Amino acid sequence: MIGRLVAVFSLLFCLAAGALGAERAAEISLVPWPASVEPQGGSFTLDRETQIVYDGGDARVSAVAHYFGELIENTRGLRPAIVQGSAEKAPKRSVVFTLGGAAGNGPEAYQLDVTSKAALVTAADPRGLFNGAVTLWQLASLQSTAAQEVRIPGIRINDQPRMRWRGLMLDSANQYQSVAFIKRYIDFMALHKLNVLHWHLVDERAWRLQIPKYPKLTGGLSSYSADDVRQVVEHAAARNVMVVPGLEMPGHATAAVTAYPSLRAADSPGASTNLYNVEEETFAFFDAVIAHLASLFPAEYIHIGAGDVSKDQWKQSSGVQARMRELGIVNEVRLQRYFFERISELTKKQRRRIVGWDVIFGGGVPTDSVIMTARGLDGALGAVASGYEVIVSSSNLLSFDRPQSGALNERSTSGDVLSLGDVYRFDPAPAALSAQDRGRLIGVQANVWNSADGNEEAIELMTFPRAAALAEIGWTPSAELRWPDFQPRMVAMMGRYSRLGLRYSDAAFRATAFKRGEAGGRIAIELAKQVPLGEIRYTINGTEPTAKSAVYRDVFEVPRATLIKAAVFYNGEPLSRTTDIDVNLDIAGGSM
C-alpha cells in the first residue's frame, strides 16, 4: 500500500526540472525538513558494489558509518562494505562520512552533498555526522522495499536544528517499560532527529530507580538497576540522544514517604501526605539520590518535576511549622523557595542543572536552571523575560496521552483530541518574539503520560506519527514549516515505519463518520478526515472500499440497518485501514 505510493514520489523526482518548488514534498520526502535544500541534478546509485567509507580512525565516525549501513540493510535489503579510508581516495560511487568544516553552526549541523560520483556527509562533530546519516538514509528509503540498487537524488543540504532540545518525556513511573523497549523507542526517536529522552522515573505511585542507600524505595515493584540505566544511556549516546532523569518534588511523594516515613510532611505515620518535609534528613536523602543520578546519567540536567501541589499538608504539620519558625520562613510559598534552593545546591555540587515545570519559576531556583513550561508560550514568556532558558511544552497541545481522533477505538488517558495537525501547527518560538527572547527558548518537548494498565504497543501508537510533527517544529526553520508539504512526506515516513516494524497510529489519515440527522428510518451521515490529502471512498454494502468505490462528496442518507466501510485513498492507494461503521451500533453519539 504505502510502498506503491512512494514509488509515485520517486517518479515525480525524476521528472523535476531542478528548481525546488511547491512540489518539494513529493520530490524529497525528508522529515524533519532541512534548513537548506538545493537539488543539483543527476542521481547517486547505491548497490552491493558501493562502499561506505569513514574518514580517519575516530571510533565515533566508524559507528555512524555502521549505523547507516544497518539502516540501509534493514529497509532496502542492501549491505554495502564498510571500510576506513579518506574522502580524497574513496572509490567512485562511495558513501563517505568525514569530520571537517567549521563548527560555528553547532554540534548537530552537517552538510550532505550527493552527486553521481559520491554521497559525502561532512560535519564538525560526530553528532552532526549522525544527523547527516539519518537524512541520507531517508533519501535512500523513499521506497520501503528491498532492492538490488537504490537511486538517491543529486542534492546539496546544509542543515542545523532550530532548537537544541527536541524531546519526548517517557513516563516509566506510572507504567514500567522493559529496557529493550526503551532502547527501541530511542532508536525511533533518532530517526526523527529527536535528541532528548526525559525519562520520568518517579511519581506518586512508584519510584522506579534503585537507589543503593535506600533499597525500600521501589517497594517491590518493577524497577531499573544501575546496569539497566547504563544500558539505556549507552544506547542513547550512540543514537545522539541525551537521557535526562526525572524525579518529583516536593510533592507526588507517596511512594517515597511510604517507604521512609521520616521524610513525610505529616505528624503521624497514619496521616495522609504526598509532600516531603524540610528536615535535614530529607535533604540528606536527596543528596544521596542526586549523587547516584549523577553517577549514572552524564547529562548536565536533572528534571525535578515540581508540578504545582497543594501546600496544605505543610500548613497542617506541626513539625513543618516548627521547622519554618526555626528557619525564619514566614509562609509556605517561601518554604517552597527554600526547598528548591537546597535542591539546587545539591545539583550544583554534582555539576548538574535543574530542569523543572513552571512552578519552580516562582520558587527561587537560580537563573541557570531551565524552566519547562506546561502552559505553552503563555508560561514561557515570563521566565524568558527573567533571564531563564525555557523548554516549551504544553499540557494541551503536546500531551501525547490525548487521543488522536474522535474515533471510539482511540486509546487515551485524558483530554480532548490532539491531532497530527494540531502538533504541527504549534509554534514553540514565533517570529514575532524578539531575537533575544527566541534565543532563550532552547527547546520543545512532548509528553507521553501513561496509566498503570497501559502497554508498550500503546506507547508507540500514542507517540507516532505525532513525534514526526514535533521533530519538524523543533528542527526546521519556522519560515520553512508548511503543513500541506508535510502531509505527503509523512506518507513516505509511514512506509519507513512499516518496514522497521514501528507501531503507529493512522488516525490522521483515517476516515471518521458523524451523524447529521435522522428521519423516517434513514440516517444522514457525514464522512470526514483530518488531513486534506487524498479522498474518502466508501461502500454501503459491506464490501471493502477500493480505488474505484464511490468518492465521498457530501452528507448522504442510509437506512438504519447499514454497514458503511470507508477508507482514504491517495494516488489510487489506501492511506490507512478501513473504518467500519455499523449504523445500528455506532450511531449513539455524534461521531462514529
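Which residues in α10 meet Glu332, Leu335 and Tyr338 in α11? They are Val320, Gln321, Arg323, Met324 and Leu327, where contact means heavy atoms within 4.5 Å.

Before going further, a word on the model. This is a predicted model, in which local features need pLDDT of at least 70 and side-chain atom pairs count only at pLDDT 80 or more, while totals for chains, interfaces and linings use all residues. Residues are numbered from 1 along each chain as its sequence is written, and side-chain values use heavy atoms, with hydrogens and water left out. Helices (H or I, at least four residues) and strands (E, at least two) are DSSP runs, numbered from the N terminus.

**The helix pair**

Two packed helices are described by the angle between their axes and the distance between the axes. Helix α10 (residues 318–327) packs against helix α11 (residues 332–349) at an angle of about 75°, and their axes are 11 Å apart. That makes α10 roughly perpendicular to α11, a label for angles of 65 to 115 degrees; under 35 counts as roughly parallel, over 145 as roughly antiparallel and the rest as oblique. Axes here are lines fitted to C-alpha atoms, for helices over the stretch in contact, with angles from 0 to 180 degrees between N-to-C directions. The contact residues divide into five nonpolar, one polar and two charged. In this scheme Ala, Val, Leu, Ile, Met, Phe, Trp, Tyr, Cys and Pro are nonpolar, Asp, Glu, Lys and Arg are charged, and the others, Gly among them, are polar.

**Strands and their partners**

Strands of a sheet pair through backbone hydrogen bonds, either parallel or antiparallel. Two strands pair if DSSP finds at least two bridges between them. Strand β4 (residues 94–99) is largely enclosed by the rest of the structure, because five of its six residues are buried; buried means under 20% relative accessible area, exposed over 50% and partly exposed in between (1.4 Å probe, protein chains only).

| Strands | Sense and bridges | Residue pair |
|---|---|---|
| β2 (51–55) and β4 | parallel, three bridges | Ile52 and Val95 |
| β16 and β17 (522–528) | antiparallel, six bridges | Phe514 and Glu526 |

An open sheet of three strands has the order β16-β17-β20, with antiparallel pairing. Its edge strands, β16 (512–519) and β20 (556–559), each pair on one side only.

Gly85 is found in strand β3 (residues 81–85). Gly85 is partly exposed, at 28% relative accessible area, and touches Val53, Tyr54, Asp55 and Gly56, not counting residues up to four places away in sequence.

**Loops with something to look at**

Ser576 sits in the loop between β22 (573–574) and β23 (579–582) and is buried at 6% relative accessible area. A polar atom of the Ser576 side chain lies 3.1 Å from the backbone oxygen of Phe509.

A cis peptide bond, with omega about 0°, joins Val31 and Pro32. The peptide bond from Met249 to Pro250 is also cis, with omega near -5°, and Pro250 lies in the loop between β10 (242–246) and α7 (254–259). His252 is placed in the loop between β10 and α7 too; His252 has a positive phi of about 55° although it is not a glycine. Arg351, in the loop between α11 and β12 (353–357), has a positive phi near 55° and counts as exposed at 73% relative accessibility.

How values were computed: A polar contact is a pair of N or O atoms within 3.5 Å; within protein, one must be able to donate a hydrogen and the other to accept it, and residues adjacent in sequence count only if both atoms are side-chain atoms.
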